[in-house]
Each structure stands twice: as C-alpha cells, then as structure tokens.
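Here is a structure to read with some care.

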Amino acid sequence: MPRSLPARRTLLRATLPAAVTASLVLVPLPGAVATPSAGAVIAEVYGGGGNSGATLKNDFIELANPSGAAFGLAGHSVQYLPGSPGASSKWGVTPLSGTVAAGARYLVAEAAGTGGTVGLPTADATGSLALSATTGTIALVNGTEALTCKTAADCAADPRVVDLVGFGTAVVHEGSGAAPGASNSTSVARAASLADTDDNAADFQAGEPTPVNSKGETAPGGGSGGGDTGPTEPGPVRVHDIQGATRLSPMVGKTVVGVPGIVTGIRTYGTKGFWIQDPNPDADPATSEGVFVYTGGTGPAVKVGDSVLVTAKVTEYYPNSSGGSQSLTELANPKTTVVSSDNQVPAAVVLDGSAVPAAYAPDAAGGSIESLPLRPGTYALDLYESLEGMNVEVRDVPVTQASNSYHELWVNAREQDPRSSRGGSVYLGYDQQNAGRLMVQSLGQAADFPAADVGDRLTGATGGPLDYTKFGGYAVQATRLGTVRSGGLEREVTPAGLPSELTIGTYNVENLDPGDPDEKFAELAAGIVTNLRSPDILALEEVQDDNGPVNDGTVTAGATVTKFVEAIKAAGGPAYDWRSVDPVNGKDGGEPGGNIRQVFLFNPDRVSFTDIPGGDSTTAVDVTGTGKRTSLTASPGRIDPADEAWNSSRKPLVGQFKFHNKPVFVIANHFNSKGGDQGLDSRFQAPTRSSEVQRVKQAEVERAFVAKLLAADPGARVVSLGDFNDYQFSPALQTLTKGGVLRDLVNELPASERYSYVYQGNSQVLDHILVSPAFKPQQTRYDVVHINSEFATQASDHDPQVVRVKP
C-alpha cells in the first residue's frame, strides 16, 4: 500500500537535475567521443582542497545520475590522470560501492591539503587521490583496474570508461576541448541539467565548489550573517529575474550579487534557510517574487521583516526526483547583509476558488513540463509554481487530511472541488484532479499546531511562504495559523447484519506484529467488534510474522494472530478461528523482515471453514468438480504464486467456507503498492504510474481463476476483497470486473462516499469488495466504515469495509 509518508523535519537535501535529453555532438576535432552517458556522469571535480586560499579541506569528485533508474557502482571506480601524462604517469584509482539513486548525487572525497577551514559533507566514498587544482583528467570506470590509456582517442576506445572529464590543459578529454581550468577556489561542474554531449568544453564551466552527497547534504558554512562579508549595494538582478517564467531558473548555476528582498519566513530545522520576497514586483504573473535562501549549517541569522541583500549561487533543488517532483529554485552558499529590520512583509496572495484554476496541469504526453511557459491563470500547478517562495494565504478552508505528528495537515482552497460526504476532497478520476489541495506545515513551535480531523475547518487566515515538500505537494509554510473549528466528525458504526445474512469484512491492520503496543491491538479489536459488528468472516492484510521486522527467517504468524484474536475477545467479540498460508521468507514485499500476509478470521459459531490439505506458499490452488460439487483443490491456498505477476508482492489467499450449508469462496488480496509512481503533481505530465503494470497482471491472473470457478459453477458464490492498492476507475479494477465476472461494490455507493484512504488531501479508494453474479444487488448491503483515514488518531491508515450477503 502507498504510505502517506509525512514530510519529516529531518529532510535531507539534494541539488538534483532536471530530466535530460542528451544529444550526440559531432565534432571535427579529435577527442574522446562516445555515446553520451545514460546512467551516472561526472558532475563536478575539485582539486584545490586544502591549498592556499581554499575554503574546503579536501579535493572531491561528484557523480550524478540524470536517469530515471538507480545506477549501481559495485565494481566501479573513479580514476585520475595528470593533465600532461608522461611515460611513467599512471592512473590513480578510488574504488566505489553502493548506488547513485535516480536523480541523486554521490560524493567521493579525495586527498586533504594542509589548509582550508570547511570539511566536505559526509562522503559516499573516500580515496587518497591528490588532484591538481588546475588541470587533469577524471574517469568513471566500470572496473577497478587502473586504465592504461594516455590519449583521448585511446581512452574513448576503452569500453570500461563510463564517463570522462579533462579540465584545464588536459591532453585526455572528451570532444573538441577540455573543460575550463580550475583553481584553489574554483571547481569545474556540469550545468544543472547535467547535459552530457561528450564535449567537455561545452558541458563544463568553472565556478564555486558545491559538493553534494547522496543524502543531499552540502558543505557546512556559507554566509548567513551580515557585516563586511555580504554585499553592500543592490545588484542588477531581482528575484523575478532569477525565477523566470518557466519552472527552471534561466540563471541556474550563476552567482547573483546583491539580490534585495524582505525576509518572509525562516526555517531552523531540516533544510535550514529563509525566504525573501521582492516588495517591488514586475508585471508578469508567471514570475515569482519569492525565493528560498538555503543556508544549511547552524541556520540563518536573520529575522522576519529584515530587508536583506543576498549574494549566492542559483540552484534547482528536486526534493524527490525519483517521484518526478517539481523543482525549487534556490539561492545556495549565500552571503547576506541585513540592511534594515522590522519592515512590513509583502502582502499575501490569497488562494481561493477565484484564484485557483480548475485544470490541474498541462499535458506533455508524459514528458517534462519544465520548459513550458507558465500559465498561472489556466493550470493550478502553474499557479503554484508562479508563487513559489511567495507569501500566500488561505482563509476559512476545509481540512481534507487530518493533522499528524509532524505538524502537517491538508486543506482545499478551492470550494468548487468535489467534496466527500464527510467533508474531504473525494478523488473520482485521473481526469478529475482536486486542484485546490495544499499542505499546511508549521514553521513555529509544535504547540502552535492544531489537531484537526477531516471535516473540520481552518478558520481565519493561515499563511506563509509557498514551498514544495519532499513527499510531494505544495505547502504553505505557516508563519501564522488559523483556528480549527470542529466539524463534529464521528467514527461510523455499520448497521447490524440479519441472522440470515453472511457478513464479510476486510481490514488492513498496518504491519501488525506482537511487538506493537497493546493499545494498537485493543484499538483495532474495538473497531472490529464495535464499528464492524464482528463480521462472520474477516480478511486481514498486513499481518506480520511473529517477530515483526526482525529479519531472521521467521515466517510464522501464530503469535501475531493469537494476540489479536485474544484482543477481539477482550473487546467483547467472538472467539475467532483463523487460517492463512505462511509466505516464502522475503518474497512478498512489505517491510523487510516482516513477511506480511493475508489472514482469514472466522466465527465458527456462524460459519465453517472447509479445510482441504495441499495448500502451501508455492503450490497453486486449482478448481475441481462442477456444479454444486465445485471445490478448491486446497483450502486455504494461494492463487498461482509462481506467476511473475506476484514477484515481491502478496499472493491472493483463497478459502472455501460454508454458510447455511452453502459454499462461499473468499479471496483475500493485497496487490502491489504504488511505490515508484510519479505523483499527481509530478513535473512529468501526465504522470507515469509504473506500478500499475504489475497490478493489471495480478488482476488478469485473479480474474482467470474466478472465471474458472464460474465456468465450473456459474452460480458460484465468490467474494474477492482486500487492499488492491488501486482506484475503482483504474485499469486493474477494470480488468477484474471485465465481462461481469466480478462486481465492484464501491461503484454502487454515491460518488461522495467512494473512499477508504486519504493521501495528499484526496479521499480515495484503495480497498474493495467485489462479488460474483450469484450475489444480486438486492442481496448485498455494502459499507465502507470510516473509522481511521479521516482522523488525527488512527488505529490503521485504512478504513475497513463490510458486506452483508444472503447466499
């Protein structure tokens, strides 16, 4: 299931690249010309560490990965050759390990000098190469044996060379010429786009060293104080010049001098720094007047209302490149001068239904929208980008995702977006985005942040700089918070079933294991007994093995289930019996070591389980017999567990039950998660839902099994339920219901009630109950029981469901 991951306070930085379409440049001059690197590239080289006049103590080599997949470095190395190699010159080698994540950086620390005052951020690899400050050649090599080539042509012909950079007067380089020369105080680095044309002269430029490691951490320091270290006069560049009219700054990589602005907000945790805004805007609504100044280190020495001048390097920061996040234009390594204090902060831009467009994002057929001109009057994502870093405000808005322990909640600033029956923003289709969703994060103390549930309202004015978060979504970094007015939301209780009805429920119990607090077991049990009214059959998802995330090969879950059954009895529920199939260790995904699986609980006073031997973790259950004699070959069993559709994912658990002497086949599901999908607010539009491919395959396998049951007995009573990790309008659910084999009951609810999970302010469906044609609409009563997803206090992040049927 896709966790609604909170944007933690300890956000780590990464100055990450935009998506790159590299082109092969044909050059007439001899040089090392190869196919432009598709994975990792050399992003920056610095050889002046510890030398006279240097700030940094060490030389370094920085790699970057502009591709969409991680690049493994096992067996790779970085190697160094002097700029003018002689007969006795040899390549120096630093072995590498680990990976460069998609869109991330990787820092290799090399030799230290005797000078310098600032250490590198924690290196991902360490070597002892003493690089020249002015000239040399660096190669990223698939192998750890030293290269032997000493000419550009020979190195280009060596297939082990992944990427190569010659700088200064280096004889060995790529393309028409070497990169510029560097110095004790400058490095050579690629542009922020990481374009690799295999021409060092075109791809690299000299500038201030900016080492970044795989965690996104940069070197401590960079001026944040005043005095004679900062600028004394305004320069020619203004914030709107830096931001430009697209998502990427036209000045990225350049140092801007004396940029004026008023401090509108300060962040003293995680990504430390402050926002400034120009009180004298231009006339272009596409160009933001605000920008974040990243100080790092001990944080900024400024106050809200200070008028400042900032000299810094323009960068683009991608909080979550693997999810296709938007970028943030920032000013890095700043030197700041406070000109005056206690100035009025620029007036906030009010975000409401008249300001936020209904259309969410431009469509680039899955490509990047970064180069498209911003149209803030047409698309909500363009509006938010055009206000990046600026002082914004929402007023009297509904809470659409409850507050969490990280002092966050979501609201909807656009009253026209469709509402759920209980006050949230209901998500009804890929073409029906809720454009007004915004996160609110507190910049103040924890005590300042209100507790709120969905359906409450945040009254008054809530405002601050508009930011973009690591886990996706634009966020108001609140310097001022409104007051919560309760909507009186209560946890639902499903209607009681009739004695003639079989009640079947599903509940994702969120990584339940014996080590969880007794309070969690008690809360989940109370929900089953009180709110679900103790279903006759209950399918549980995310039940972990007997020692939870301890990764020691344990796969049994008897202790977990027994503790839960006892908690249900203590809450006044029945003495449930249970069935399950232990997975193969480490093969079903989920939290490493946890071995999550589905489990059937059933009330033996109301329903019997038909035990049929032969079911195990690797044997596929089949169908035997016809008509009323139709049966499973194993119960409990797993549906086609060896099929590739279930790789690193939970296999459906199927069981045969009897109610009033009639067979009922129940399938408990937990399809693969949405991990790896690009977000709704991705810079790639429409976003790629890569995980969807596997869920469609899973749906095809399961549908074929159900079709086989129905071919044997067209009147077979089949209930398929659980956490499908997908929406009612998704291809996976459309596959399951194709041809009327199964009926998805959530579609029979009013649109405003179709949700079981809340993520990024959207109330959406991930959990389903589907039934075969034997269960006529007049014989089914279905309910999503809202007891978790809308509340600040949750026993699980999913709402359970129940159906009452008359076989």
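A salt bridge is a side-chain nitrogen of Lys or Arg within 4 Å of a carboxyl oxygen of Asp or Glu, and by this rule the count comes to 31 salt bridges. The model is a predicted one, in which local features need pLDDT of at least 70 and side-chain atom pairs count only at pLDDT 80 or more, while totals for chains, interfaces and linings use all residues. Residues are numbered from 1 along each chain as its sequence is written, and side-chain values use heavy atoms, with hydrogens and water left out.

Q: What makes arginine 267 and aspartate 467 a salt bridge?
A: The rule asks for a nitrogen and a carboxyl oxygen within 4 Å, and the side chains of arginine 267 and aspartate 467 meet at 3.1 Å, N to O. Arginine 267 lies in strand S13 and aspartate 467 in strand S24 (residues 457-468), so the pair ties together parts that are 200 residues apart in sequence. Strands here are DSSP runs of E with at least two residues, and helices are runs of H or I with at least four, numbered from the N terminus. Both arginine 267 and aspartate 467 are buried, where buried means under 20% relative accessible area, exposed means over 50% and partly exposed lies in between, with a 1.4 Å probe and protein chains only.

Q: How do you know which class aspartate 536 belongs to, buried or exposed?
A: At 4% relative accessibility, aspartate 536 counts as buried. Aspartate 536 forms a salt bridge with arginine 606, the closest N and O atoms being 3.0 Å apart, and arginine 606 is partly exposed, with a relative accessible area of 28%. Elsewhere, salt bridges that share partners join Asp163, Arg190, Asp196 and Asp203 into one network.

Q: What makes arginine 267 a charge over the ring of phenylalanine 292?
A: A charge sits over a ring if NZ of Lys or CZ of Arg is within 6 Å of the ring centre and within 35 degrees of the ring normal. The charged end of arginine 267 sits over the ring of phenylalanine 292 at 4.9 Å from its centre, and arginine 689 lies over the face of tyrosine 430 at 3.6 Å from the ring centre.

Q: How do you know how the rings of tyrosine 427 and tyrosine 727 are arranged?
A: Rings of Phe, Tyr and Trp (its six-membered ring) pair if their centres lie within 6.5 Å, and planes under 30 degrees apart count as stacked, over 60 as edge-to-face and the rest as tilted. A search of the whole structure finds 16 aromatic pairs. The rings of tyrosine 427 and tyrosine 727 have centres 5.2 Å apart and planes at 85°, so this pair is edge-to-face. The two residues are 300 residues apart in the chain; tyrosine 427 counts as buried at 0% relative accessibility, and tyrosine 727 is also buried, at 8%.

Q: Why is the pair of phenylalanine 602 and phenylalanine 609 called stacked?
A: The planes of phenylalanine 602 and phenylalanine 609 are 25° apart, with 5.7 Å from centre to centre, and the stacked class takes planes under 30 degrees apart. Phenylalanine 602 and phenylalanine 609 are both buried.

Q: What makes cysteine 149 and cysteine 155 a disulfide?
A: A disulfide is a pair of cysteine sulfur atoms within 2.5 Å, and the sulfur atoms of cysteine 149 and cysteine 155 are 2.1 Å apart. The structure holds one disulfide. The torsion about its S-S bond is about 95°, so the disulfide is right-handed, and both cysteine 149 and cysteine 155 are buried.

Q: How do you know that strand S13 pairs with strand S14?
A: Two strands pair if DSSP finds at least two bridges between them, and five bridges join strand S13 (residues 255-267) to strand S14 (residues 273-277), which run antiparallel. Within S14, isoleucine 276 is the bridge partner of valine 263.
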